[in-house]
Structure formats: C-alpha cells, structure tokens
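I opened this entry to log a few look-ups.

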Amino acid sequence: MTEQQHRNKAGFETRAIHAGYEPDPMTGAVIPPIYATSTYKQDGVGGLRGGYEYSRSANPTRTALEGNIAALEEGERGFAFASGLAAEDTLIRATCGPGDHAVIPDDAYGGTHRLFDKVEKVWGLEYGTAPVSDVDAVRAAIRPGQTKLVWVETPTNPLLNIGDIEALAGVAHEAGALLVVDNTFASPYLQQPLVLGADVVVHSTTKYCGGHSDVVGGALVVRDHRLAEKLTFHQNAMGAVAGPFDSWLVLRGLKTLGLRMDRHCDNAERVVAFLSGHPSVSEVIYPGLPEHPGHDVAAKQMKRFGGMVSFRCAGGEEQALAVCDKAEVFTLGESLGGVESLIEHPGRMTHASVAGTDLEVPGDLIRLSVGIETADDLIADLDRALG
Ligand SMILES: Cc1ncc(COP(=O)(O)O)c(C=O)c1O
C-alpha cells in the first residue's frame, strides 16, 4: 500500500489534512504551492513532467484538491470546477445527450432547476421532478430506457427534505440510471453518498468545503473508472475548471471541515431548541427533530444533522421579511456553509428563479445557515429579530 493509499484509509480528519498531497520533494513545503502557471516546460516533445502539460487539463494545486476531496468522499476520483453549477453542467453533458431524461428534486436548489430548465432543456435533455423523500414517486418519475440520471439533494435546499440514498440508488440502478447526490448541505464529514451506493457526488465547494465565504467552486467525485474517464475528457473539453488560487482556498477549508461541521451542528441544535419554543415561529424544519418526516433516514445516513435550519413565521411573509431585516449577527445574504451565520428569504432570494413553478417555496419561510459564532449571541440576535 502506498503512503497515499494508507492515508485514504485513515480517519476523516487525517485524510482531510493529508490526502491528495505529499510535501513538495524539492522544498518540503507542507502545503501545496499555488501553481500560478498556465503551461509546463516539456523534456522534449511529449516529455511531460508528472503529466502536466497545460493548466486547463491539469494543475498541481487543483490535483491536490481533487485527490483530497476524493479521499473524503471515499471515491476513486475527484474533479474541481469553477463553481457548483459548472460541475453540474459538466456532469450532465458527460452522462446525457439530447433526447435523454433526468429526474430532479421537486425542491431542488433554484440554480440547479434553472440549469435543467433553461439550459439543458434547450440542448434537448428532458427532465421531470419528484420529492426526494418519496422513493415510489421517484421510481414513477423515471422513464425506463430514457432516464439517465436520478438527481438528489439530501438535505434539500431550502426545505431540508431527506432522501434515502441507499433506497434511491436501488431505484436508479434498476432503471439503468446513475444516482447523483448533491452533498453540499451535508458535506463529506456528515454523509458519504458513494458509500451508500450513489454513483456521483456533487458539491458546491463554495459552501461548507471552502467554509469561509471567500471562494466560489464546485466538485464531482465518482467511484467508477469509466465515468471518471468521461469526466476527465469533459472537464478538459468544456474547460470550467477551478483555478489554482481557488483550489488552494478550498483545500485549506477542507482541512478544518470536521471541526467546523461539529460546531455548526452544535450551534444549529441550540438555535432549533430556541426557535421551537418561540410563539412567532409556526414551524421549525430541521432533520434532527424527531418529528421531521425524514428524521429516521437522516439518522441512518448522516453523522449529525447539519448547520442549516429553516423556519416559517407565524406572521407570514411580511414578518419573515422583517426578521431578515432586523437580524444583525445573522448577516442577510445568499449562500451558506461559511463560518459566519447567514439569514435569507428563499422566496425572494436564492429561490426567486423558481417562483411560479412547482418548486416555488412558501413566502413565510426563512433559511438560516448557522455559523460557528458564540451560540448565545446567535440566539439573542434571533430573539431580537423575532421580537
Ligand atoms: C445545494 C446546492 N447545489 C449547487 C449549488 C450551486 O453552486 P455554485 O453557487 O457554487 O455554482 C448551490 C448554490 O447555492 C447549492 O446550494
């Protein structure tokens, strides 16, 4: 077993810190340098050093990130992209063609829905929607012979529905389709879909993987070599790759993912306990709550329940907008998964693109990305904003 393979079998935090990179043989640099280079000197025509030829095809900083995230997801190969949506588009066009069909969540992230509806559909890819929490509905949405992808988020954005990855893998595979799991909300620390039978993991590394709201990125991780070869081809042919600076930031973020996720979960649990007793809150949505319809499945497939919390305001949309305005420690903003707490109104912000479709979200809904600040300050802030 090589040292790298050995590290891949190590505990999560050890892999997070070491996998994908050996200290630089020339200098001993413990952290991968940012290889700000577009091209590489060749030792004679075709004499590539370490396979590096041109940085769209491969770049050593990106290679380190790709190896690291593959090890964290327990996959064979990782691929890093300029954004989560760039990763999604590359995956879709590597695995589908015009006339094919995909099933996506009926509460998919708005940008994912827009990609299928406004970009891939024009190219000839059809899609249908189904609730990820209903295995039979997903099965019914599959068109045998035509469906190539069953696309799942779990937990979903922003309604935090839970899909049973193992069961959905069975349903997809029965129909000869691939199961794709967008693991952005859980992160590889809390959930490893490939181990549960999924074929592809998608990440917006902008979120928990990067973890500091300072980079936009995406990733794919797969188990199968043939699929990896297709993605290698499409990543290079489509060119939406992560640059070396961005790769370096995501890699740095991944090193502390476990520590951060535990604190996100601790704080989210405190926030959920506070909101659950509040008279201005009509419903708290969090998979860690025993009454959440996906609680048992989440408990089975996730280590903990994550840092995302959604809730509905008893005072309707007007109150939800007022709470977003009044919060101070919770910064009003899109995105999620950074160290700082964020608050947003999905209906008017992240999910505005699905207004008027089947995927429209309730107007009284607020989504929180609970950060790693002092929990008492977060609760005092929500108390003030709800008051
Ligand atoms: C669940 C999920 N998937 C994918 C994406 C798209 O990622 P990016 O914004 O990095 O393109 C997002 C962005 O918010 C997301 O929340």
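How far is an oxygen atom of the ligand from an N or O atom in the side chain of T206? I read 2.8 Å. I am working on a predicted model, where local features need pLDDT of at least 70, side-chain atom pairs count only at pLDDT 80 or more, and totals for chains, interfaces and linings use all residues. Residues are numbered from 1 along each chain as its sequence is written, and side-chain values use heavy atoms, with hydrogens and water left out.

I stayed with the ligand. A polar side-chain atom of D182 sits 2.6 Å from a ligand nitrogen. At L85 I found a polar backbone atom 2.9 Å from a ligand oxygen. The protein covers 90% of the 390 Å² of accessible area that the ligand has on its own (Shrake-Rupley method, 1.4 Å probe).

Next, cysteines. I searched the whole structure for disulfides (cysteine sulfur atoms within 2.5 Å) and got zero. For C265, the nearest cysteine sulfur is that of C209, 14 Å away. C265 is buried, because its relative accessibility is 0% (buried is under 20% relative accessible area, 1.4 Å probe, protein chains only). For C324, the nearest cysteine sulfur belongs to C313, 7.6 Å away.

Last, the core. I noted 64 residues in the largest nonpolar core (buried Ala, Val, Leu, Ile, Met, Phe, Trp, Tyr and Cys residues joined through side-chain atoms within 4.5 Å). L275 and F311 are among those with the most contacts inside it. L275 touches residues including V281, V309, F311 and L386 (heavy atoms within 4.5 Å). A second, separate core has 24 residues, including F81 and V222.

How values were computed. Buried means under 20% relative accessible area, exposed over 50%, partly exposed in between (1.4 Å probe, protein chains only). A polar contact is a pair of N or O atoms within 3.5 Å; within protein, one must be able to donate a hydrogen and the other to accept it, and residues adjacent in sequence count only if both atoms are side-chain atoms. Lists of a residue's contacts leave out its neighbours within four places in sequence.
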